[in-house]
2 protein chains.
Amino acid sequence: MKLEELKNKVRNVPDFPISGIMFRDITTLINDGEAFRFVIDQLHQRYRDKEIDRIVGIESRGFIFGGALADRLGCGFVIARKPGKLPAETEEESYDLEYGTATLQIHTDSIKPGERVVIIDDLLATGGTLAATTKLVERIGGEIAEIAVVIELVFLKGRDKLKNKSMFSMIQYD
Amino acid sequence: MKLEELKNKVRNVPDFPISGIMFRDITTLINDGEAFRFVIDQLHQRYRDKEIDRIVGIESRGFIFGGALADRLGCGFVIARKPGKLPAETEEESYDLEYGTATLQIHTDSIKPGERVVIIDDLLATGGTLAATTKLVERIGGEIAEIAVVIELVFLKGRDKLKNKSMFSMIQYD
């Protein structure tokens, strides 16, 4: 498989979840064993020599790619979750959505000060979720080696919210 | 690592999410790179010669283990999700909780008739979630090779709801 072919594995669903939105559906990509493994291969090759201590995956599609990458690298996997799901002491961060706000939490003891972290999600849109996760990781002492997503919706300019961080995406939509 | 040591990696949180419940927290297990990889090693060894076509992971902790296992096996990964998250045509199944009901959906085109499937979740409690997922997989034509969980709460007798299926758990609590 080549990177150019990967985009063909994403399903485009018009008007989901609301009218006017073209939803980029990664379920068809992960359903294809070769395409899913290709994505994890790329991430593995990118990070295997970078002395990464922890992968952080964002609820819930970030868990799919993040868990597989942590397994490949043999490093710990940390989950950033919606409120009320993590049972021990947490830090939390709220961020704006188009309508209202959302909140993410992370376990305070999940990353040790100075550990090098890669944050993984399936998709970068406006960047609010990834910016909040970045703040949480740094607040508990982690150092962001990179933020990685499978899909970047370039026209939403999410990189602007993450501008002092290294940001990697595999597939872009203008 | 040995299977007996794995239980020590699970954090026990009393009175979460409500008073009287001892919550078995797998975040400490996945946070330990060696322990997480040990779990995926065990699953990989169990299924690698079983001609598995698809792994089905249940939202959201099932995604952590299921994604990594699908990557190891090189097979497709299918996600069973709460309503409103999957953008294409779905089948859905509701099941009873202690108070009220819950619903899971699966994409209708995610499994081809006759494909051999392993369903993965982090934990077997009363079995409602796994029984519903089993029905969904069978309704779209999949054949259940096995259901696998990391933790089984034996005293809740979830196996009774899955009694005609092969069921594998790695850690048990009586």
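Q: How many salt bridges are there between chain B and chain A?
A: The count between the two chains is 4 salt bridges. Keep in mind that this is a predicted model.

Q: And over all chains, how many salt bridges does the structure hold?
A: Over all chains the structure holds 32 salt bridges.

Q: Back to the interface. Which residue of chain A does Arg11(B) form a salt bridge with?
A: Arg11(B) pairs with Asp109(A), and the closest N and O atoms are 2.7 Å apart.

Q: What about Arg11(A), which residue does that side chain meet in a salt bridge?
A: The side chain of Arg11(A) meets that of Asp109(B), at 2.7 Å from N to O. This pair crosses between chains, with Arg11(A) in strand β1 (residues 11-14) of chain A and Asp109(B) in the loop between β6 (101-107) and β7 (116-124) of chain B.

Q: Is Arg11(A) buried or exposed?
A: Arg11(A) is buried, because its relative accessible area is 18% and the cut-off for buried is under 20%.

Q: And how accessible is Asp109(B)?
A: Asp109(B) is partly exposed, with a relative accessible area of 49%.

Q: Why would side chains like that pair at all?
A: Side chains of opposite charge can pair when their charged atoms come close.

Q: OK, the interface as a whole. How many residues are in contact?
A: 40 residues of chain B are in contact with 40 residues of chain A.

Q: What area is buried between chain B and chain A?
A: About 3100 Å² is buried between them, and carbon and sulfur atoms give 51% of that. Asn31(B), Asp71(B) and Pro87(B) supply 21% of the area that chain B buries against chain A, more than any other three residues.

Q: How many residue pairs are in polar contact across the interface?
A: The rule finds 20 residue pairs in polar contact between chain B and chain A, counting pairs with both residues at pLDDT 80 or more.

Q: Which elements of chain B each supply at least two residues of the side that touches chain A?
A: They are β1 (11-14), β2 (22-25), α2 (27-31), α3 (33-47), α4 (61-73) and β4 (76-80) of chain B. The largest share of that side comes from α4(B), with 9 residues.

Q: How do the residues on that side divide into nonpolar, polar and charged?
A: On the side of chain B that touches chain A, 18 are nonpolar, 10 are polar and 12 are charged.

Q: New topic: the core. Which residues have the most contacts inside the largest nonpolar core?
A: Phe65(A) and Phe65(B) do, in a core of 68 residues.

Q: What is Phe65(B) in contact with?
A: Leaving aside neighbours within four places in sequence, the contacts of Phe65(B) include Ile26(B), Ile30(B), Phe36(B), Val39(B) and Ile40(B). Ile120(B), Asp122(B) and Val150(B) are also among them.

Q: Which residues are linked with Glu91(A) in a network of salt bridges?
A: Glu93(A), Lys135(A) and Arg139(A) are linked with Glu91(A) in that network.

Q: Last one. Where is Glu152(B), and is that residue buried or exposed?
A: Glu152(B) is in strand β8 (residues 143-153) of chain B, and is buried, with a relative accessible area of 5%. The Glu152(B) side chain makes a polar contact with the side chain of Arg159(B), at 2.7 Å.

Terms used. Residues are numbered from 1 along each chain as its sequence is written. Chains are lettered from A and ligands numbered from 1 in the order in which they are written. This is a predicted model: local features need pLDDT of at least 70, side-chain atom pairs count only at pLDDT 80 or more; totals for chains, interfaces and linings use all residues. Side-chain values use heavy atoms; hydrogens and water are left out. Contact means heavy atoms within 4.5 Å. Buried area is the accessible area (1.4 Å probe) that two parts lose on being put together, summed over both. A polar contact is a pair of N or O atoms within 3.5 Å; within protein, one must be able to donate a hydrogen and the other to accept it, and residues adjacent in sequence count only if both atoms are side-chain atoms. Helices (H or I, at least four residues) and strands (E, at least two) are DSSP runs, numbered from the N terminus. Ala, Val, Leu, Ile, Met, Phe, Trp, Tyr, Cys and Pro count as nonpolar, Asp, Glu, Lys and Arg as charged, and the others, Gly among them, as polar. A nonpolar core is a set of buried Ala, Val, Leu, Ile, Met, Phe, Trp, Tyr and Cys residues joined through side-chain atoms within 4.5 Å. Buried means under 20% relative accessible area, exposed over 50%, partly exposed in between (1.4 Å probe, protein chains only).
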